[in-house]
Amino acid sequence: MFVQEREKDEDCLLIAKIDNVKNINSVIKALNFSQEAVCFFSKDGLKVTVEIAKCVQASAFIQLDIFQEYSYNDEEQLIFKVDFHTLVECLNMFEASGMNATVDMRVQGVGQPLLLMLEEDGVILDSSIKTQDPGEIADFSFEDDCVINKIILRSEFLKEILDEMDSTSEFIGIELSDNTPFFRFFMSSRLGESEYRVDKTSDMIEFFDCKARTAFRYRFEHLKHTVKAIAVSQKVSMRMDENGLLCFQCMMKMDDGQICFVEFFCIQATNDDGGLAVIEPANEYTLPDPF
């Protein structure tokens, strides 16, 4: 049925084609920690968002340059929710065989299913994924003037830190300051306490801007969801606002050289949960014991 529908381009609200499914697969799979995903289609491209309990939100941005053909016939965004595991499974269908399948995505109208066609060497896979009302999506974005600290670092360094963290720990603390220790991860578990310190002049750090000394604590179960995206990215921008909202923006380079971004937002642990919140001027503070 899909092969017949795809001939009627004028009947489709959305048509999006990509020559190589691998160009979006690694990006999409980095978000595969939630049962449902919300898709945002607009004239600027595609955004896919997942979240957990309004505490963690991740979004993949697939710009127009990634698509070989993209047609969206509306001024307003097309927003719908899909079963994310089903979407990932469909996109992965040809990857195991090593084939570089093309992807054709279509939506005929609001409330209509997302139609996927993957094709390689005459082998065709048709899928129809039910769409639902997106519901309420948390707004975790913050303006640039709300950012009090920002660093850009090489991804392999951040991945190494997260990989070495004790998975039995409930919380991970992140401290940023303009004085020693500059950039610090700290944690405590039944096995003891540990920390990782990095000087702002380290080769691992490309940009360091600290307006205030901050120390916030986050749940390990939340931060662990960033590892997949960090592992396949080249650089990570880490930003933080005065409320402890943490943002990781991971830059990924596709096989064809195009760039995509995956963005994670994570709220700090509350004080009742064992959270730590310290905000002081960058050049004057006394370092407290975080535990």
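**Strand β18**

I began with Met251 and found that its bridge partner in β18 is Phe261. The model is a predicted one, in which local features need pLDDT of at least 70 and side-chain atom pairs count only at pLDDT 80 or more, while totals for chains, interfaces and linings use all residues. Residues are numbered from 1 along each chain as its sequence is written, and side-chain values use heavy atoms, with hydrogens and water left out.

I took helices (H or I, at least four residues) and strands (E, at least two) as DSSP runs numbered from the N terminus. Two strands are paired if DSSP finds at least two bridges between them. On that basis β17 (residues 246-253) runs antiparallel to β18, with eight bridges.

I next looked for another partner of β18. Strand β4 (residues 56-63) pairs with β18, also antiparallel, over six bridges. Within that pairing I noted Ala60, whose bridge partner in β18 is Val262.

For burial I used relative accessible area: under 20% is buried, over 50% exposed, and partly exposed in between (1.4 Å probe, protein chains only). Strand β18 spans residues 259-266, and six of its eight residues are buried.

**Ser233**

I looked up Ser233 and placed it in the loop between α6 (227-231) and β16 (235-241). Is Ser233 buried or exposed? Ser233 counts as buried because its relative accessible area is 8%. I counted a contact as heavy atoms within 4.5 Å. Leaving out residues up to four places away in sequence, Ser233 touches Ser155, Cys250, Met251 and Met252. I also checked Val27, which is 206 residues from Ser233 in sequence, with the two C-alpha atoms 9.4 Å apart.

Ser169 is in the loop between α4 (155-164) and β11 (171-176). With a relative accessible area of 4%, Ser169 is buried. Its contacts, not counting residues up to four places away in sequence, are Met187, Ser188, Ser189 and Phe220.

I then searched for salt bridges (a side-chain nitrogen of Lys or Arg within 4 Å of a carboxyl oxygen of Asp or Glu). Glu170 makes one with Arg219, at 2.9 Å from N to O. This pair links distant parts of the chain, 49 residues apart: Glu170 is in the loop between α4 and β11, and Arg219 is in strand β15 (residues 212-219). Glu170 is partly exposed at 44% relative accessibility, whereas Arg219 is buried at 18%. The whole structure has 17 salt bridges.

**Arg184**

Glu175 forms a salt bridge with Arg184, the closest N and O atoms lying 2.8 Å apart. Both Arg184 and Glu175 are buried. Glu195 also forms a salt bridge with Arg184, at 2.7 Å between the closest N and O atoms. That pair joins distant parts of the chain, from Arg184 in strand β12 (residues 183-189) to Glu195 in strand β13 (residues 192-198), 11 residues apart. The relative accessible area of Arg184 is 4%, and Glu195 is partly exposed at 37%. Shared partners join Glu175, Arg184, Glu195, Arg197 and Arg213 into one salt-bridge network.

**Cavity**

I searched for cavities on a 1 Å grid over the protein atoms alone, a cavity being a set of points where a 1.4 Å probe fits but cannot get out; lining residues have an atom within 4 Å of a point. Grid points are joined across faces, edges and corners, and a volume is the space filled by probe spheres set on the points. How many cavities of 30 Å³ or more are there? The count comes to one. The largest cavity has a volume of about 80 Å³.

Its lining includes Ile24, Ile28, Cys39, Phe41, Leu46 and Val48. I also listed Ile62, Leu87, Leu91, Met105 and Leu114 in the lining. At least two lining residues come from each of α2 (22-29), β2 (36-42), β3 (45-52) and α3 (84-92). For residue classes I took Ala, Val, Leu, Ile, Met, Phe, Trp, Tyr, Cys and Pro as nonpolar, Asp, Glu, Lys and Arg as charged, and the others, Gly among them, as polar. The lining has 11 nonpolar residues, no polar and no charged.

**Whole chain**

I counted six helices and 19 strands in the chain. Of its 291 residues, 51% are buried. Among contacts with a separation of 6 or more, 68% are between residues 24 or more positions apart.

Technical notes
On a 1 Å grid over the protein atoms alone, a cavity is a set of points where a 1.4 Å probe fits but cannot get out, and a pocket is an open set with protein on both sides within 12 Å along at least five of seven lines; lining residues have an atom within 4 Å of a point.
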